[in-house]
Amino acid sequence: FHSSKTCMSNNEHHQQHYFCMMLTTPNNKSYNVAVIGGGITGVSAVQKLTSTPLSSSSVNLTVHLFDQGQRGVGGRSSSRAHDGGTMRWDHGCQFFRADTETFKPVVEDWIEKGIVREYKGKFVASSGGGGGGVCERDFFGMPDLGPFYIGVDGMQSVPGRVVDNIINKSQEVCCFSLYSGVRVAQMERNDETKKWRLYGASGSAAFHDTPEKDVKQSSNSDSLGDQDGYDAVILTDVSSSFGKWHRASAGVPEEFAARVRDRVGARVPLFAVMIAFEKDSGIPFDTATFNSDVLWFASKSNSKFEPGSNKGLGHECWTLISTPEYAMKKIEETQMQDPVTGEYIPQSSDYLTTVPGPELRDAFVNELGADNGILGNKPLSNLPAVTYLNAQRWGSAMPSHRFVDQFSEHRKVIAGVPYDSSRAPLAPTKVEQCSHSDTDSFIFDDAMMLFQAGDMMSTYTPGFEGAAISGMHAADHLLKKLSSIA
């Protein structure tokens, strides 16, 4: 005998966009799992949890995904639009790789489902002397170490469409719900029930760039999700383990948070700048990797849409990615934490559009127009006007390489957070020699049923692929654990 169960929000403040139906068997053991963070790690964990039957058929599994993104799930695989969608950018992850035997079949499935496609175009790199060639600063294998992959409708469409696929899939494995626009600020475990209760905020108070004074006017203590609590929690944003000063702190128990911070080591910060030209620029490439001290990579948004697509852009749009060295310098000059009050300082549009924005734009224009720039002896000196400019600060864009330790000469601690700009190849994706002895691509505490996944935890080369694998592995471990205690 089966009955239907509907997963719905118990709190009207939660912006739960979806609910699903699950066939449940009376008297079965039920487990609730919370996944915090809707980037590629969290979505990969959810995909694994909702598509893998537990070994015991007497177990019902419910999975809730919490995401604080202002524009929906995506995390660092985010996209932006402007002017009614005539301008669009991937302002986080630019593309991704699939080098491992673990991730290749996942990407093949995504291609078959129309979620991603291979990224093909004219890719170039600076040799320092101009005119392309071998670049000293690798950007995830560009231009020669393909294949490269992108979302069919921007990089944010990858996690978005995977979630849509989960929602639309008719299955009896699991019940899934998405809580969007929700920030988890505190978590508490009941000693008797052994369940986690989540608390936080929704709406503008959940977003990274909301002024601190506005956030303080909102409550961070709203009860989130299932009011009975969660048997297990998978965290995917390393900032969850920051101190309470940070907007993304989730109040993780300090013993576990300390393990997370130790595992992370150092972060690599980056700025992403979005520009649009008034008209066609004549730039003869789709992506470029630079040897500049300021500019690391540039990608043409228009090259990421299929020829003839009705979603073609009305302007020529480019995303410019800074070097880690530049980002570290700027974060040291304009820190993320008030040195006097200790309060979190959200990124300001005024700052982003007057300091990093123009500086990366100028670096790009100078590279294109210089005799020793990216175009060699065919510089472009009369580029059209830039009609739009915006920027994003990624304080934790990716982890430093796993073998980098605290003695690195490129490490700097800013406002208590270690950053590192050490360079090493970012392709192909592989297991790296780690400065720690742990071989798992995530960390866990089975007694507390608490897990931390993500590229910051991964033992793989930094990047999208390593982040996805970490989420998959954490979900696998949890499924085995639940099956063993069922």
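Q: What should be kept in mind about the model before reading it?

A: This is a predicted model, in which local features need pLDDT of at least 70 and side-chain atom pairs count only at pLDDT 80 or more, while totals for chains, interfaces and linings use all residues. Residues are numbered from 1 along each chain as its sequence is written, and side-chain values use heavy atoms, with hydrogens and water left out.

Q: Which residues touch the most other members of the largest nonpolar core?

A: In soluble globular proteins, nonpolar side chains tend to be buried together. A nonpolar core is here a set of Ala, Val, Leu, Ile, Met, Phe, Trp, Tyr and Cys residues that are buried and joined through side-chain atoms within 4.5 Å, where buried means under 20% relative accessible area, exposed over 50% and partly exposed in between (1.4 Å probe, protein chains only). The largest such core has 67 residues, and Phe-103 and Trp-110 touch the most other members. Helix α9 (residues 464-485) gives the most to this core, with 10 residues; helices (H or I, at least four residues) and strands (E, at least two) are DSSP runs, numbered from the N terminus. Apart from this core lies another, of 26 residues, including Tyr-351 and Ile-374.

Q: How is the packing of α1 and α3 described, and at what angle do they pack?

A: Two packed helices are described by the angle between their axes and the distance between the axes. Axes are lines fitted to C-alpha atoms, for helices over the stretch in contact (heavy atoms within 4.5 Å), and angles run from 0 to 180 degrees between N-to-C directions. Helix α1 (residues 40-51) and helix α3 (residues 157-168) pack at about 20°, with their axes 10 Å apart. They are therefore roughly parallel to each other, a term for angles under 35 degrees. The residues that make the contact include Val-43 and Val-46 of α1 and Val-162 and Ile-166 of α3.

Q: At what angle do α1 and α9 pack?

A: The angle between α1 and α9 is about 40°, and their axes lie 7 Å apart. Among the residues in contact are Ala-45 and Leu-49 of α1, together with Ala-468 and Met-472 of α9.

Q: Where is Lys-412 placed, and what does it contact?

A: Lys-412 belongs to strand β21 (residues 411-414) and, at 36% relative accessibility, counts as partly exposed. Leaving aside neighbours within four places in sequence, Lys-412 is in contact with Met-328, Glu-332, Val-417, Pro-418 and Tyr-419. The C-alpha atoms of Lys-412 and Met-328 are separated by 8.2 Å, although these residues are 84 residues apart along the chain.

Key. Parallel < 35°, antiparallel > 145°, perpendicular 65-115°, else oblique.
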